[in-house]
Amino acid sequence: MRTAVRFGQHPPAQRVIVHVSDTHLLAGDRPLGGRYDTAGHLTRTLEAVEGLGVRPDAIVFTGDLTDLGEPEAYRTLRATVEPAAARLGAPVVWVAGNHDERPALRRELLGLEPTEEPVTGVWDLGGLRLIALDTSVPGWHHGDLDAAQLEWLREVLATPAELGTILALHHPPLPSHIPLFDILELRDQEGLAAAIAGSDVRQILAGHLHYSTSGMFAGVPVSVAAATCYTMDLARPAEEVNGMDAGQSFHLVHVYEDTITSAVVPVVDAETSGAFTAEWVQEMAALTPEERLEAFSRKRPPAP
């Protein structure tokens with residue numbers, strides 16, 4: 001049971017978003033590259049999401065939903081994710097990545113005509129606006145936003161949202177220290193910066209890199225989620241970085257009145273200590289702020 005007591009200076013988050021990226025499913029649940037159990041990792045990720053004990057306002061998947069754009073892989077993705085999302089009462093936001101194929105994605109996930117039209121959308125999450133952009137370029141792995149999509153974005157942003165706007169896209173508008181990703185970067189970042197200038201955009205969510213990172217773009221924080229399928233082993237020289245079957249995670253995004261946080265949630269099976277429990281939290285909640293500091297903040301002398 002959650003306590004309504006405020007322990008610190010900030011009130012509870014106004015909205016909560018689960019940010020997942022780069023599932024890379026293959027038809028027939030084939031292992032990616034002959035080694036990565038992408039379907040199994042996705043299932044384990046969703047179990048972790050449901051184990052959070054929160055009801056998110058949305059679950060956002062920032063691209064590379066499948067590895068080859070196979071219709072069967074999209075159907076498997078939908079059949080895997082939607083029941084979990086329904087139990088959580090959260091809408092699912094699908095974002096296209098460079099490994100996706102727009103026609104199959106549109107038909108199998110969105111029930112739309114299977115065309116090459118960009119996969120975009122706008123969601124009102126109780127006053128928080130979420131905009132999905134499509135940075136995929138048919139036939140290529142780098143990212144881009146054409147003039148029509150940027151103009152559409154400017155038109156949407158012309159009217160501010162009550163709690164501001166979050167953009168979700170696949171290719172992050174950030175540099176990477178890994179050479180291969182800079183080759184496959186988002187092009188025309190100046191155009192995107194101009195489109196969001198002076199708007200209420202508060203955060204950008206992205207994927208593509210297979211490792212968690214963050215930065216600033218045009219004055220807006222950018223949060224990049226690692227992949228559920230495999231991640232990049234960054235503990236190597238940049239020119240030698242490759243994938244590894246470890247470090248999978250997703251992000252838990254909390255939207256406050258004056259800031260947005262993005263926490264990396266590791267998807268691991270590891271034993272944890274039992275020092276902090278729901279009962280402990282309730283005990284702290286029953287104390288006054290001064291008693292709480294005395295009980296938990298004051299340093300105790302070491303035992304003799």
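The model is predicted.

Strand S5 (residues 128-132) runs parallel to strand S6 (residues 165-168), and 4 bridges join them. Within that pair, Ile131 has Leu167 of S6 as its bridge partner.

S9 pairs with S7 and with S8. With S7 the sense is parallel, over 3 bridges. There Leu205 stands opposite Ser223 in S9. With S8 the strands run antiparallel, joined by 5 bridges. Met216 has Pro221 in S9 as its bridge partner. S8 and S9 form a hairpin with 2 residues between them. Ala218, in the turn, has a positive phi of about 50°. How enclosed is S9? Of its 5 residues, 4 are buried, so S9 is largely enclosed by the rest of the structure.

Strand S1 (residues 15-20) has 6 of its 6 residues buried, so it is largely enclosed by the rest of the structure. Both faces are covered. Arg15, Ile17 and His19 are buried on one side, and Val16, Val18 and Val20 on the other.

S1 pairs with strand S12 (residues 249-255) in the antiparallel sense, over 5 bridges. His19 has His251 in S12 as its bridge partner. S1 also runs parallel to S2, with 4 bridges between them. Here Val18 stands opposite Ile59 in S2.

The strand pairs described so far compare as follows.

| Strand pair | Sense | Bridges |
|---|---|---|
| S5 and S6 | parallel | 4 bridges |
| S7 and S9 | parallel | 3 bridges |
| S8 and S9 | antiparallel | 5 bridges |
| S1 and S12 | antiparallel | 5 bridges |
| S1 and S2 | parallel | 4 bridges |

**Helices H1 and H2**

How do helix H1 (residues 38-50) and helix H2 (residues 71-88) cross? Their axes come within 11 Å and cross at roughly 5°. H1 and H2 are therefore roughly parallel to each other. By class, the contact of H1 with H2 has 7 nonpolar, 2 polar and 2 charged residues. From H1 come Leu42, Thr43, Leu46, Val49 and Glu50. They meet Leu77, Thr80, Val81, Ala84, Arg87 and Leu88 in H2.

H2 has 18 residues. From its first C-alpha to its last, H2 reaches 26 Å, close to the 26 Å expected at 1.5 Å a residue. Its buried residues are Ala73, Tyr74, Leu77, Val81, Ala84, Ala85 and Leu88. An α-helix has 3.6 residues a turn, so residues three or four places apart point the same way. What do the buried residues of H2 pack against? Their neighbours are H1, strand S2 (58-62), strand S3 (92-95) and helix H3 (102-110). Just after H2, Gly89 takes a positive phi of about 70°.

Key
Residues are numbered from 1 along each chain as its sequence is written. This is a predicted model: local features need pLDDT of at least 70, side-chain atom pairs count only at pLDDT 80 or more; totals for chains, interfaces and linings use all residues. Side-chain values use heavy atoms; hydrogens and water are left out. Axes are lines fitted to C-alpha atoms, for helices over the stretch in contact, and angles run from 0 to 180 degrees between N-to-C directions. Angles under 35 degrees count as roughly parallel, over 145 as roughly antiparallel, 65 to 115 as roughly perpendicular and the rest as oblique. Contact means heavy atoms within 4.5 Å. Ala, Val, Leu, Ile, Met, Phe, Trp, Tyr, Cys and Pro count as nonpolar, Asp, Glu, Lys and Arg as charged, and the others, Gly among them, as polar. Two strands pair if DSSP finds at least two bridges between them. The expected span of a helix is 1.5 Å times one less than its number of residues. Buried means under 20% relative accessible area, exposed over 50%, partly exposed in between (1.4 Å probe, protein chains only).
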